[in-house]
Amino acid sequence: MNLSDIQKIAEEENEFQRAYKYRINVCCSSGCSSFGAFKVLKAFEDAVKEFGVENICKVARTGCVGTCSVGPTVLVDPGEHRYKCVTLENVREIVQGHIVSGIPVKKYLHNHGDFFRKQHRLVLRNAGKIDPTRIQDYISAGGYFALAKCLANMTPQGVIQEILNSGLRGRGGAGFPVGQKWNLVARAHNTPKYIVANLDEGDPGVFANRTLAEADPHAIIEGMVIAGYAIDAQKGYIYIRSEYPLAIEVLQKAITQAKSMNLLGDNILGTQHNFDLELRFGAGAFVAGEETAILMSAEGRRAQPRPRPPYPANQGLWNKPTLIQNVESLANAPLIILNGGTWFKSYGLPNCTGTKCFSLTGEINNPGLIEVPMGISLHEIVYDIGGGIPNGKKFKAVLVGGPSGGCLPESTLEAQIDYDSLKNVGAIMGSGGIVVLNEDACMVDTARYFTDFCIDESCGKCTPCRAGLARVKEVFDKITTGKGELKDIDMLEKTSEYIINASLCGLGQTAPNPILTTLRYFKEEYLEHIINKKCKAGTCFKNENIVEE
Amino acid sequence: MAENFMITLKIDGVQISVPEGTTILKAAKDNGILIPTLCDLEGLTPYGGCRLCLVEVTGSPKLFTACTTPANPGMDVTTNSERLKNYRKIAVQMLMSERVHMCAVCVANDHCELQALANQLGVNHVAFERHFTREPIDSSHDFLVIDRNRCILCTRCVRVCDKIEGVHTLDLKKRSKNTEVIMDLDEAWGDSCSCTGCRKCAKVCPVGAIYIEGEAMSQTKNPDVAEFITARRNRK
Amino acid sequence: MSAAINTSVSSNNRARIATVWLSGCAGCHMSFLDQDEKIVDLAKKIQVVYGPLVDAKEFPENVEVTLVEGSVANEEQLEVLKDIREKTRVLIAFGDCAVTGNVTALRNSWENSDKEVLERAYKSPEDLQAAVPNMVPKLLIKTRPLHEIVKVDFYIPGCPPSADLINYVLTELLAGKIPNMEGKAKYG
């Protein structure tokens, strides 16, 4: 295999696909398959045969098309006609109307408003368009060209330079410049070197990485091989949680295919570069997404973070230099190599380039998986892409960055999506979760809920996170059962400050964010709970909330 | 040899020289500056869990655990600012409130590092509500006893069992505040087939969680235990 | 709180001191008496107006310093403590039980410990056929240290606190200084 072979495969595949006038993409990601997408897929295949249009219409299993709340969703090309909530009953009608008669069946079409208008799908470029279980689909969409380009025309340092030029920052949440990280590992003296791709999203309501893996596994693999070439690593691991069975299945298939086509393994594309890839399964702990805990878990040990320094770039997996990168960052790499860092910079902000995937959930009209350029405002995400709040309710807050993100009120909605602006208003980029809350939500209860989550997920290693969060929860229990005192607010603030500054890893260092932001923006609700013993939302002061020990 | 390469740094305003690779904790200790610790014990793998040895390094907004951070040339370390003192007091209070720490009825009374630290730091009361756990005491072993209600999860016992005795009978189970030290696959200590009965776990326990039945604490908590462990560790 | 002890309210220019015994073993009071010759100096500066060591029946008003030994285990003690707080300027948690709950709080590990502890005390062994006496004040669900109920100004931990420490804290307070407890107090 070499570049010309890849080009040949791409041409053949394109030829093959051009033979079809229509292409029905049935989203079979976790979301839609829970609505029965695989049965719908089968029904489409049957219906196409039944109507005798299998020669002009290709039915394909694809990854997420974005609109997760109206699954199973089906996308019919050409024209990107999106059908929502497709059931087994209306499959025949759609095939008959759209494919046989050539007229889209309007009553089943999804009116998604501006959901897609402000999005830029770079990482999710192939999501919902290619069959993730066929490597030919990926190659025909330009896949593995970047890898071939690297191996044929670029030096490892050149690859790193291109990534540096792009300004890409780590998508796992902290936003460390990716090129700089690659450089650090490349310069580390010890060998062998490893790459660990982080696919352990533990946040409630976040599914961006899972969806990416389900929709476009080869983008992750290609990114890893490119990174391997750049930093001279020959072994990579994708750390994925066992709760993602579909993603595991898709990735495993993709790895096997890539190996069979010599895109993984020894002498990749006939060059000297070797790179092997393996999946590592996590038992599903939130903390295992932390970069040192992931190493412990990948080594087969208890997922407990270890102090830095030493940094994983020098002493990571089995104390060898290790590049730990979120899968979204890795999936960006092929694009940057192919189109150049300057092209990548045209998206987003000067100091925060590119796009970011978010899982948009909560009380919102268009929940789903979105990819937006950096610098877009929260307002645009909530109202333009998300379509506002359903049932005429009022917006109350948006939680950005998962359970350790910040609860932001209306007044901060003009804030831009980038690492620094979010930090200024008290939130974090985190793993890319956006949860919208409407006026029915009690902010004290929301903060309590997320504190609870972090308590459960704390690994128990360091005192501030383990004991501190538990003490904070007691204060919440007091406040939400009518035993709160004014001094409790002070205690919340002081303990939160301690937990943030003294904790070992990112979990503890960010866990008090919901507390601090709700105290900052919704203090009146705390006061109402404490002084008037009232909860406007009606969630607190119920008997079942009272925790008797 | 790298070990002979000396570096110079400042700790609490004092200029000191230590061999490269020395932790801040050791560098400070060798120069008469004592930083409080609980989970750290010389000779054991640094852990960085108790967060008592946090220090400030000029130029970094973050705090560093002295037990795990190697001293770097030119570092300017503060070990005893008001903020750090306050954080240490909070840490001790959190540890004391987490489980049942009633010194008067503890086997380790007067031989307990947590008690001594509370005393030293002037933690004369615990501002947080105390928790009263009720873990059964495992005294099934011939002479070793574990009372998990007194455990502060420093994992000294786990590390000494793994790295020094080389057995790894002890480890942790569960997460967060429910974390517990267990024997083998969570069996009664008396049923553990890997435990050699070496007593090192009891010797390194900073509190009264693991103790030896019928042996005076003054004998168990021999102050030379760190030296002993370091010697064992260096013996190849 | 200012540490200065006001001696003018008493007739003999001595600070009005009270000691109180809640749920505890009286060991702290023993330690108080154990100050040896130092108690003679102290006695010149204080007037003990209430406590197990003197005869007063009612807790008086305008007490400068009250040393409270023991934790709060029942409803009566809860009321007593609140009353004391109102009538005292400087309230000192005196000894481990007052500071941490200590032995008296060990029952907190059990759910329904308020009932169980009484039954264990009065009804076991079972053939004793005794009943829980009804004149015992109702136990609280949990035994609490003082500061979880009222504001406490100083803490003297120890089981019991050493006589020297008690003397040090009182002497410092009487001299208008705030005692520095670092390295002095010891639990247990």
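Trainee: What radius of gyration does chain B have, and what would a compact globule with 236 residues have?
Mentor: This is a predicted model, and in it chain B has a radius of gyration of 18 Å. A compact globule with 236 residues would be near 18 Å, so the value for chain B agrees.

Trainee: And what does the C-alpha trace of chain B span along its principal axes?
Mentor: About 50 × 45 × 30 Å.

Trainee: How many helices and strands are in chain B, and what share of its residues count as buried?
Mentor: Chain B has 7 helices and 9 strands. Of its 236 residues, 50% count as buried. As for contacts in chain B with a separation of 6 or more, 61% come from residues 24 or more positions apart.

Trainee: Let's move to chain C. In what order do its elements run from the N terminus?
Mentor: The order in chain C is β-α-α-β-β-β-α-β-α-α-β-β-α, which gives 6 helices and 7 strands. The radius of gyration of chain C is 18 Å, close to the 16 Å from the globule rule for 188 residues, so chain C is as compact as a globular protein of that length.

Trainee: What about the span of chain C and its buried share?
Mentor: Along its principal axes, the C-alpha trace of chain C spans about 55 × 35 × 30 Å. Buried residues make up 41% of the 188 residues in chain C. Looking at contacts in chain C between residues at least 6 apart in sequence, 79% join residues at least 24 apart.

Trainee: I clicked on C:Gly101. Where is it found?
Mentor: C:Gly101 is in the loop between H4 and helix H5 (113–123) of chain C.

Trainee: Is C:Gly101 buried or exposed?
Mentor: C:Gly101 is buried, because 28 other C-beta atoms lie within 10 Å, and the cut-off for buried is 20 or more.

Trainee: Which residues does C:Gly101 touch, leaving out those up to four places away in sequence?
Mentor: On that count, C:Gly101 touches B:Arg130 in chain B, along with C:Ser71, C:Thr143, C:Arg144 and C:Pro145. As for C:Ser31, 70 residues apart from C:Gly101 along the chain, 18 Å separate the two C-alpha atoms.

Trainee: Changing topic: which residues have the most contacts inside the largest nonpolar core?
Mentor: A:Phe44, A:Val196, A:Ile226 and A:Val398 do, in a core of 254 residues. Helix H10 (residues 217–231) of chain A gives the most to this core, with 10 residues. A second, separate core has 38 residues, including C:Ala15, C:Ala18, C:Cys28 and C:Ile92.

Trainee: What does A:Val398 touch, again leaving out residues up to four places away in sequence?
Mentor: A:Val398 touches A:Leu378, A:Val382, A:Leu408, A:Ile434, A:Val435, A:Val436 and A:Leu437.

Trainee: How many residues are in contact between chain A and chain B?
Mentor: 22 residues of chain A are in contact with 25 residues of chain B. H18(A) gives the most to the chain A side, with 8 residues. The residues on that side of chain A divide into 11 nonpolar, 5 polar and 6 charged.

Trainee: Which domains does the assignment give for chain A?
Mentor: The domain assignment gives domain 1 (16–108), domain 2 (143–345), domain 3 (352–438) and domain 4 (443–545). The centres of domain 1 and domain 2 of chain A, taken over C-alpha atoms, are separated by 33 Å. Between those two domains of chain A, 6 residues of domain 1 are in contact with 6 residues of domain 2.

Trainee: Last one: what is the mean pLDDT of chain A?
Mentor: The mean pLDDT of chain A is 93, and 99% of its residues reach 70 or more. Among the elements of chain A, helix H1 (residues 3–18) has the lowest mean pLDDT (90) and H10(A) the highest (97). Over residues 545–549 of chain A the pLDDT is below 50.

Technical notes:
Residues are numbered from 1 along each chain as its sequence is written. Chains are lettered from A and ligands numbered from 1 in the order in which they are written. This is a predicted model: local features need pLDDT of at least 70, side-chain atom pairs count only at pLDDT 80 or more; totals for chains, interfaces and linings use all residues. Helices (H or I, at least four residues) and strands (E, at least two) are DSSP runs, numbered from the N terminus. The radius of gyration is taken over C-alpha atoms; the globule rule is 2.2 Å times the number of residues to the power 0.38. A residue is buried if 20 or more other C-beta atoms lie within 10 Å of its own, exposed if 12 or fewer, and partly exposed in between; C-beta atoms are placed from the backbone. Two residues are in contact if their C-beta atoms, placed from the backbone, lie within 7 Å. A nonpolar core is a set of buried Ala, Val, Leu, Ile, Met, Phe, Trp, Tyr and Cys residues joined through C-beta atoms within 7 Å. Ala, Val, Leu, Ile, Met, Phe, Trp, Tyr, Cys and Pro count as nonpolar, Asp, Glu, Lys and Arg as charged, and the others, Gly among them, as polar. Domain bounds come from an automatic or database domain assignment. pLDDT is the predictor's confidence in each residue, from 0 to 100.
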